[in-house]
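I opened this model to look at a few places in the chain. My notes follow in the order I took them.

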Amino acid sequence: MLKPVFKIEYENKDITASIAPYVLSVTYSDFEHGQSDEIEIQLEDKDQLWKSSWYPVKGDSIKLNIGYEDEKHLNCGNFEIDEIEFSAPPDIITLKTLAANIKKALRQNNSVAYENKTLLQIAQEIANKHNLKFVGNVKDIKTKRITQNNKRDLEFLKILAEEYGYIFKVSDNKLTFYETAALKSQAPALIINKKDIISYNFRDKTHDQYKSCEISYHDSKNKKVITASINGSSTKSDALKLNKRCENKEQAILKATAALNKNAPIEGILTLIGNPHIVAGLNIEIKWLYNLSGKYHIKTAKHTIDKNSGYKTELEVEKC
């Protein structure tokens with residue numbers, strides 16, 4: 001039988017053996033879009049060590065690997081302690097961390113006007129500003145002017161990505177920017193069998209599903225309102241109508257497509273036997289759920305090793 005294991009480094013020192021007797025659970029949350037990855041470590045503290053001589057320091061680095069003994073582990077990346085929580089009874093300390101490159105500068109509000117820049121150039125400029133490696137594939141989307149008005153760089157990029165149909169994330173010293181449709185078009189990375197499942201919950205909904213999207217924008221050059229529309233795959237008769245700032249019809253179509261595809265008709269939560277090969281952004285195939293079977297995209301992957309219940313992987317997914 002496979003034995004779940006983890007490795008924890010504190011300030012680049014392996015402390016796994018020292019703290020293993022106190023660990024109640026370790027959780028790594030891997031988000032595809034819009035927020036930093038996180039790890040959370042819950043520790044038993046009946047000897048009051050963590051309140052005294054072992055008191056952790058906010059900002060100190062933590063590295064986590066998770067998986068099974070004698071098999072390849074999932075390298076969760078580098079993190080910094082962001083919050084320390086104490087509770088009793090029983091005496092428990094919880095360390096909450098954020099990806100190490102979510103620095104103070106990334107959280108500060110900024111006002112910047114980007115003129116005659118492509119979407120790629122804006123993303124690269126912000127990556128360079130924070131000494132992050134840019135990773136991604138962005139279409140040549142030209143803009144005359146985009147204004148970041150008193151927003152954090154992270155918030156600004158999240159809004160920009162969603163408006164044009166991209167996912168955005170900062171983790172492990174990388175700024176990631178990928179087209180959502182391109183990720184969902186990739187082949188499934190693995191097949192989920194019934195024996196892998198602990199529990200599941202799926203929702204097949206009509207809310208926020210539209211047959212088409214129509215965007216109206218003001219053409220300043222010709223001084224008139226222009227309308228652009230696209231059709232979707234929903235069988236509903238409702239049309240989504242929006243007013244957006246667009247510089248041309250190409251931008252309007254891109255924004256209409258992103259808005260139309262924002263919400264998948266089928267979404268679900270899967271809890272699996274722990275699998276260190278599963279990360280957010282991958283596609284999986286489910287074959288045993290009858291009408292719900294098919295290809296799904298992973299939005300969030302949460303890996304937890306618990307002292308009592310073992311290793312589980314919880315996925316937030318949507319139908320491709």
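I began at a pair of strands: S171 stands opposite K174 in β12. The model is predicted, so I note the limits: local features need pLDDT of at least 70, side-chain atom pairs count only at pLDDT 80 or more, and totals for chains, interfaces and linings use all residues. Residues are numbered from 1 along each chain as its sequence is written, and side-chain values use heavy atoms, without hydrogens and water.

I looked up the pairing next. Strand β11 (residues 166-171) runs antiparallel to β12 (residues 174-179), with 6 bridges between them. Strands here are DSSP runs (E, at least two residues), numbered from the N terminus. Two strands pair if DSSP finds at least two bridges between them. The two form a hairpin with 2 residues between them. In the turn, D172 has a positive phi of about 50°.

I then checked the cover of β11.

I moved to T143 in strand β10 (residues 142-152). T143 is buried, at 6% relative accessible area. Its side chain reaches the backbone oxygen of K117 at 2.6 Å. T143 has contacts (heavy atoms within 4.5 Å) beyond four places in sequence, among them Y164 and E247.

Last, I looked at D45, in the loop between β4 (38-44) and β5 (61-68). D45 is buried, at 1%. Beyond four places in sequence, D45 is in contact with W50, K51, D91 and I93.

Note on methods:
Buried means under 20% relative accessible area, exposed over 50%, partly exposed in between (1.4 Å probe, protein chains only). Helices (H or I, at least four residues) and strands (E, at least two) are DSSP runs, numbered from the N terminus. A polar contact is a pair of N or O atoms within 3.5 Å; within protein, one must be able to donate a hydrogen and the other to accept it, and residues adjacent in sequence count only if both atoms are side-chain atoms.
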